[in-house]
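I opened a new entry today. Below are my notes on what I looked up, in the order I looked.

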Amino acid sequence: MRFAVIENSVVINAIIADSVDIAEKVTGFKCVASDEASAGYSYDSIDDAFIPPMPECGHDGLTLNDLKRWECKDCEAEIEQRLASVEE
């Protein structure tokens with residue numbers, strides 16, 4: 001299995017191990033099973049969720065949704081405008 005290695009609620013590495021006990025013994029840190037988390041992700045232990053690093057889009061409309069994914073309404077509007085101009 002793949003485990004995220006966590007220090008202070010931040011993923012610092014990901015490793016492959018047979019069990020969480022082995023992963024924690026080898027690393028000396030808390031480990032949580034995850035197929036997606038990579039170094040730099042945050043771990044929300046209350047929701048048992050991994051949060052990717054915040055994108056640097058520069059917009060005020062950047063928010064974290066209920067699925068723990070970043071959304072930016074301003075970026076979505078820019079993409080729609082660019083697609084519309086290409087279709088014309």
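Entry 1, surface patch. I am working from a predicted model. I looked for nonpolar groups on the outside and found a patch made of Val10, Ile12 and Phe29, which together have about 200 Å² of accessible area. I then located Val10, which lies in strand E2, a strand that covers residues 10–16. I also looked up the exposure of Val10: its relative accessible area is 33%, so I noted it as partly exposed. A residue joins such a patch only with over 30% relative accessible area, and Val10 has 33%.

How many disulfides does a search of the whole structure find? I wrote down 0. Cys57 is in no disulfide, and the cysteine sulfur nearest to it, that of Cys72, is 3.7 Å away. A disulfide needs the two sulfur atoms within 2.5 Å. Is Cys57 buried or partly exposed? I found it partly exposed, at 26% relative accessible area. I looked up Cys31 too, and Cys31 counts as buried, with 3% relative accessibility.

I counted 2 helices and 7 strands. Along the sequence their pattern is β-β-α-β-β-β-β-β-α. The chain has 88 residues, and 26% of them count as buried.

Methods: Residues are numbered from 1 along each chain as its sequence is written. This is a predicted model: local features need pLDDT of at least 70, side-chain atom pairs count only at pLDDT 80 or more; totals for chains, interfaces and linings use all residues. Side-chain values use heavy atoms; hydrogens and water are left out. Helices (H or I, at least four residues) and strands (E, at least two) are DSSP runs, numbered from the N terminus. Buried means under 20% relative accessible area, exposed over 50%, partly exposed in between (1.4 Å probe, protein chains only). Patches are made of residues with over 30% relative accessible area and no salt bridge: like charges are joined within 9 Å, nonpolar side chains (Val, Leu, Ile, Met, Phe, Trp, Tyr) within 5 Å. Accessible areas come from the Shrake-Rupley method with a 1.4 Å probe; for residues, only the protein chains shown count as cover. A salt bridge is a side-chain nitrogen of Lys or Arg within 4 Å of a carboxyl oxygen of Asp or Glu.
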